[in-house]
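Here is a briefing on a predicted two-chain model. The sequence and structure come first, then the points by topic.

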Amino acid sequence: MKVSLKWLQTYFDTPLPGAEAISDAYTFHAFEIDEMQGDMLDVKVLPNRAADCLCHRGLAKELGAILDLPLKSDPLRIELPMYDLGGPTSLVVEIEDSKKCARYMGALVKGVKVRPSPDWLREALEAVGQRSINNVVDATNYVMLNVGQPLHAFDAAKLSQKDGAYAIGVRMAKEGEKITTLSGETYELSPNIQLITDANTDKPIALAGIKGGSAAELTGETTDLIVESANFDGTTTRRAAQALKLFTDASLRFQNRPSPELAAYGMRGVLALITDIAGGEVVGVVDEYPARATAPSPVSVSLEKINGVLGSNFSRDEVENVFKRLALPYMVVHDVFTVTPPFERTDLTIAEDLVEEVGRIIGYDKVPATELPPLSSTPDQARYRGIERMKDQLVEQGFIEVSTQSFAKAGDVTLANPLDKNMPALRTSLEGNLQDALARAKYAAPLVLAPGQKPKLFEVGTVFAKEGEHIELRMTERVPEWGESAGTVDNLSVAKLEDYGKEYLPARYELGAYKTFSIYPFITRDIAFWAPAGTDVGRTTSYIQEKAGELLVRLDQFDHFEKEGRVSYAFRLVFQSMERTLTDEEINGVMAGIAGALQGAGYEVR
Amino acid sequence: MNQQGRLHPITIAIRDIADIFGRMGFGIAYGPELEDDWHNFTALNVPDDHPARDMQDTFWIKDQPGKVLRTHTSPVQIRYMEEQMKKGIKPPYRIIVPGKVFRNEATDSTHEAQFFQVEGLVVGEDITLAHLKGTFSQFFKEYFGPDIKTRFRPSFFPFTEPSVEVDVWFEKEQKWLELGGAGMVHPKVLENAGVDSKKYQGFAFGPGLERIVMIKYGIPDARLFHSGDIRFNYAFGEEKI
């Protein structure tokens, strides 16, 4: 939710602190800030607060509570006007399913002038990344961003009248029914998408809670409006937006289930703003409210419980102050607080919710760090240690542990929605991946293993067979030391590893910092030479390294024997670049240089 | 020369973590990777119409409705508590659960469709958010070094209330890094596992393991971990302790 600091300031008499301080206030007491840019903060409103905080009013209220600054006035606390129906027949609303549309308020406004918005409105919208369209559309967007209620205005002249009355319908789409939206795209609909229709003709005029249709679009000629402030079901709206791949500011808000009570506040706000900047007169307001919101139930929490959950030592006054700052109506009797949440705070339902309000507003930095109490029993790590003991045994036998992907080309268990269409199943065995890893390990062996050593791999991982999953241990070859009967695979889910591991302490390793390895091919070369007896091999190694330069990534001495007062040495050199593929010619040159250096030192290169 | 093999860095990290938490009294528990809807979502207080339940971030199993690849290690909280209660063993409970989890997300250098989490669960009569702070800060100090600092920020998860995000301060880099979510176990979660939420309370956490290991050793790409490439094992100096 993008908010403008200037807009937030309209809620306070006291000047707000700078953007940094506001950002910190939100971050440590409410929500993370995704982005800061001049006057704009992008606030990552948490899912449980998206019903009341996807708007400037909600975020101003939070900020006021955090900074302990009173709000000038709260639009949701100002008593609502009584609306005139404008005569029983000027506008009718028909809702097909009250589970999918709890409330629909429609207002008939006559005599407006659709014009560009005044500067303050255009600037306010542009400050939060919105585009200004015209005064009426901007008014609906402004009020939505101000109090959180999505709103829409239709051109009444484009709707039909029956016996002098306009009729708005809310119903599910028919299979194959089509609608063209305001931005000009045409969508073919399915029956799980809710529509707003001109009920007199049954033609769709909007995707309910998502976007308006072009059929009743406002133009410069528009004079009469039907203004909508409704409450559409969260799941229905979200699924429809998903099916149409059309996520809008309105659908985002509805999918977070704002209270249907909010619709009336949105309507009041938008009618006041439209008549102020576009003129016209409100002829009547219809309020079809079949699924009335139940008032939130009072929630109680004791001071003892608050401190007992947080591990804090907050006083009654400190806690009371939190509820005051949040403007939550409360009573306190014998250190038990009973809060009656206002309609928009749909998130406050259990005592722990109130504990959270206290913790975050006072600040989690005021919660101490306490050591866990000692336990009388010893922790059970036997099975884990059994598995780790198996791994340690294998490492001792020269095996390298790998970890591979659980997805496979084929298997007994298939994914309904694979990420990679070529890997739609779950592995039934580690064998395939391990063989693949071994092939690559053989290639990479000269880089990481000494000459003469061959890679032996193992993996411990879950495999998924028809009869269920189990943890498999698989090796690329047998361990002769384990006896004739030991194969290359073991089912660790059935193996009795608890006794095997109970007393075992897994080996521990300290790793150094990660060193990136090259993705380019390497070249291996051997060099053998005679040196005088008693030659210091360290010096010999230095000759090679100095001449080989930075391209030498590994150097192993793999042979040495004495004969007739001389020593024969053989070294393997591995060359690789971080930036490119090396050529044989350049390595031939390097090797010639090394040979030259060794000869210069009096050795006889063989 | 005797050929010495090498463990995978994830194994080495889990051993470090198991050791630190072991000294704080934590056992180690396991659970299935192919989970049912109850343990992965419902019992954890994830509402029926939560977006995670759509075909979005979750891998669903063909012809097995209600089966998913677990999206987190949290279902093992439920399984562990269910099992203990069935055996008649009441809290205190203290476990960590290192395990693979799956998310149906495009992969990049910081996201993999499969990765490890280390779940933690502590339940007792008087376990508090302050204990969570004490436990986490001890863990991070031992794992990353004594000059780190830990802080909590407000967050939201259906299975914890209050919920927090945990940041760790790295003196060398001079910055705070987000290391995972945590919170006080939601009373509904305890009840769903058969534990009396009037008598017991606790905390849970579930940081991603690769992220912790990447930060500790400066590994640039999460995709290296489960590539089956032995060069990854050898990209670190290694010393047996």
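Pro92(B) sits in the loop between α3 (75-86) and β4 (93-102) of chain B; helices (H or I, at least four residues) and strands (E, at least two) are DSSP runs, numbered from the N terminus. The peptide bond that joins Pro91(B) and Pro92(B) is cis, with omega about 15°. This is a predicted model, in which local features need pLDDT of at least 70, side-chain atom pairs count only at pLDDT 80 or more, and totals for chains, interfaces and linings use all residues. Residues are numbered from 1 along each chain as its sequence is written, while chains are lettered from A and ligands numbered from 1 in the order in which they are written.

**Backbone of chain B**

- A cis peptide bond also joins Glu161(B) and Pro162(B), where omega is about -10°.
- Pro162(B) belongs to strand β7 (residues 160-170) of chain B.
- Asp63(B) is not a glycine, yet its phi is positive, about 60°.
- The loop between α2 (37-40) and β3 (67-69) of chain B holds Asp63(B).

**Overall form of chain B**

- Chain B has seven helices and ten strands.
- Its C-alpha atoms fill a box of roughly 55 × 45 × 40 Å along the principal axes.
- The radius of gyration of chain B is 18 Å, which agrees with the value near 18 Å for a compact globule of 241 residues.
- That radius is taken over C-alpha atoms, and the globule rule is 2.2 Å times the number of residues to the power 0.38.

**Contact between the chains**

- Chain B gives 76 residues to the contact and chain A gives 81 residues; two residues are in contact if their C-beta atoms, placed from the backbone, lie within 7 Å.
- The side of chain B that touches chain A has 37 nonpolar, 22 polar and 17 charged residues.
- In these classes, Ala, Val, Leu, Ile, Met, Phe, Trp, Tyr, Cys and Pro count as nonpolar, Asp, Glu, Lys and Arg as charged, and the others, Gly among them, as polar.
- Strand β25 (residues 509-511) of chain A and strand β10 (residues 238-240) of chain B run antiparallel and are joined by three bridges; strands pair if DSSP finds at least two bridges between them.
- Tyr509(A) has Lys240(B) as its bridge partner in β10(B).

**A four-stranded sheet in chain A**

- The open sheet has the order β6-β14-β5-β15 in chain A, with antiparallel pairing.
- β6 (151-155) and β15 (279-288) of chain A are the edges; each has a single partner strand, so one side of each lacks a neighbour in the sheet.
- Neighbouring strands of the sheet are turned by 25° against each other on average, direction ignored.
- Eight bridges pair β5 (residues 101-112) with β14 (residues 225-232) of chain A.
- One of the residues in this pairing is Cys101(A), whose bridge partner in β14(A) is Phe232(A).
- Helix α5 (residues 135-147) of chain A lies across β5, β6 and β14 of chain A, at about 165° to β6(A).
- Helix α8 (residues 262-278) of chain A lies across β5, β6, β14 and β15 of chain A, at about 10° to β5(A).
- Axes are lines fitted to C-alpha atoms, for helices over the stretch in contact, and angles run from 0 to 180 degrees between N-to-C directions.

**Domains and a helix of chain A**

- The assignment gives domain 1 (2-77), domain 2 (91-288), domain 3 (299-366), domain 4 (382-501) and domain 5 (523-605) of chain A; such bounds come from an automatic or database domain assignment.
- The centres of domain 1 and domain 5 of chain A, taken over C-alpha atoms, are 68 Å apart.
- Gly549(A) follows α15(A) and has a positive phi, near 75°.
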